[in-house]
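Please look over the structure below before reading the notes. They are grouped by topic.

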Amino acid sequence: ISRTWQHILAQYNDSIVLGWTATPCRSDGRSLGSYWESMVKVASYKQLQADGYLVPVRIYAPNRPNLVGLRRTGGDYHKKDLQRVMNKEKLVGEIIREWKRHANDRQTVCFASGVDHSIHLRDEFRKAGISAEHIDGSMDQSVRDEIMSEARAGRVKVLCNYGVLHTGVDVPNLKVMICARPTKSFSLW
């Protein structure tokens, strides 16, 4: 739906166009129907789990932050407001305690509510004696690549990030996800 894709599609208006996506919805709510005539749902999460392609999920939610009254932008929480609420000592400390209790030292990806929040989480995991790293989109690509290489090699126990590891990421040894970034976005979730 972006202008870039619209421009590309306009160059091939006599062609058959197939679209492939794992998330057939957009965070801005715009319809994909003007570009695709039909959708084929190949498999549900439940079916993929039953066939052994996805691991059944166990969810632990020990404490819900108070998000009442947070501003919203584009249908989701306002980024600065969300980070301010989530980057509190108590919430960060609970994440570390719950990870120790449930993760059994398994390699983990942590989705933070902002860059400062991700760095804070990384620092607290390190204080607890757990190898942790942080990546975000403003870092030099070579630094991010090195950290990802270390994670793939199993030398990073908790990989904290903001805005990087949400699309097209495949690191099979990451077995646990910490969602420290509440969202109202179905496509992001």
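**A helical salt bridge to start from**

Being 3 residues apart in helix H4 (residues 89-102), Glu-98 and Arg-101 are separated by about one helical turn; helices here are DSSP runs of H or I with at least four residues, strands are DSSP runs of E with at least two, and both are numbered from the N terminus. This is a predicted model, in which local features need pLDDT of at least 70 and side-chain atom pairs count only at pLDDT 80 or more, while totals for chains, interfaces and linings use all residues. Residues are numbered from 1 along each chain as its sequence is written, and side-chain values use heavy atoms, with hydrogens and water left out.

**Overall make-up**

- The protein has 6 helices and 6 strands.
- Read from the N terminus, the order of these elements is α-α-β-β-α-α-β-α-β-α-β-β.
- Along the principal axes, the C-alpha atoms fill a box of roughly 60 × 40 × 35 Å.
- Of the 189 residues in the protein, 32% are buried; buried means under 20% relative accessible area, exposed means over 50%, and partly exposed lies in between, with a 1.4 Å probe and protein chains only.
- Among contacts with a separation of 6 or more, 68% are between residues 24 or more positions apart (a contact means heavy atoms within 4.5 Å).
- The accessible surface comes to about 13300 Å², and 52% of it belongs to carbon and sulfur atoms; such areas come from the Shrake-Rupley method with a 1.4 Å probe, and for residues only the protein chains shown count as cover.

**Salt bridges**

- A search of the whole structure finds 8 salt bridges, each being a side-chain nitrogen of Lys or Arg within 4 Å of a carboxyl oxygen of Asp or Glu.
- Glu-98 and Arg-101 form one of them, with the closest N and O atoms 3.5 Å apart.
- Arg-101 counts as exposed because its relative accessibility is 58%.
- Asp-81 and Arg-84 form another, and here the closest N and O atoms are 3.7 Å apart.
- Both Asp-81 and Arg-84 lie in helix H3 (residues 79-86), 3 residues apart, about one turn of the helix.
- An α-helix has 3.6 residues a turn, so residues three or four places apart point the same way.
- Asp-81 is buried at 9% relative accessibility, whereas Arg-84 is partly exposed at 48%.
- A network of salt bridges links Arg-71, Asp-81 and Arg-84.
- Arg-155 and Glu-150 also meet through their side chains in a salt bridge, at 2.8 Å from N to O.
- Glu-150 is partly exposed, with 23% relative accessibility.

**Nonpolar cores**

- The largest nonpolar core has 16 residues, and those with the most contacts inside it are Trp-99, Cys-110, Leu-121, Phe-125, Val-158 and Ile-178; a nonpolar core is a set of buried Ala, Val, Leu, Ile, Met, Phe, Trp, Tyr and Cys residues joined through side-chain atoms within 4.5 Å.
- The elements giving two or more residues to this core are H4, helix H5 (115-127), strand S5 (158-162) and strand S6 (176-179).
- H4 provides the largest share of this core, 4 residues.
- Another core lies apart from it and has 11 residues, among them Val-109, Val-156, Leu-165 and Leu-174.
- Leaving out residues up to four places away in sequence, Val-158 touches Trp-99, Thr-108, Cys-110, Phe-125, Ile-130, Ser-131, Ala-132 and Glu-133.

**Helix H5**

- H5 has 13 residues and reaches 18 Å from its first C-alpha to its last, close to the 18 Å expected at 1.5 Å a residue (the expected span is 1.5 Å times one less than the number of residues).
- Its buried residues are His-117, Ser-118, His-120, Leu-121, Arg-122, Glu-124 and Phe-125.
- The cover over these buried residues includes H3, H4, strand S3 (108-111), strand S4 (132-136), S5 and S6.
- Just after H5, Gly-129 takes a positive phi of about 80°.

- Most residues other than glycine have a negative phi.
- Asn-104, in the loop between H4 and S3, has a positive phi near 50°.
- Asn-104 is exposed, with a relative accessible area of 57%.
- Asp-105 lies in the loop between H4 and S3, and its phi is positive, near 65°.
- Asp-105 is partly exposed at 47% relative accessibility.
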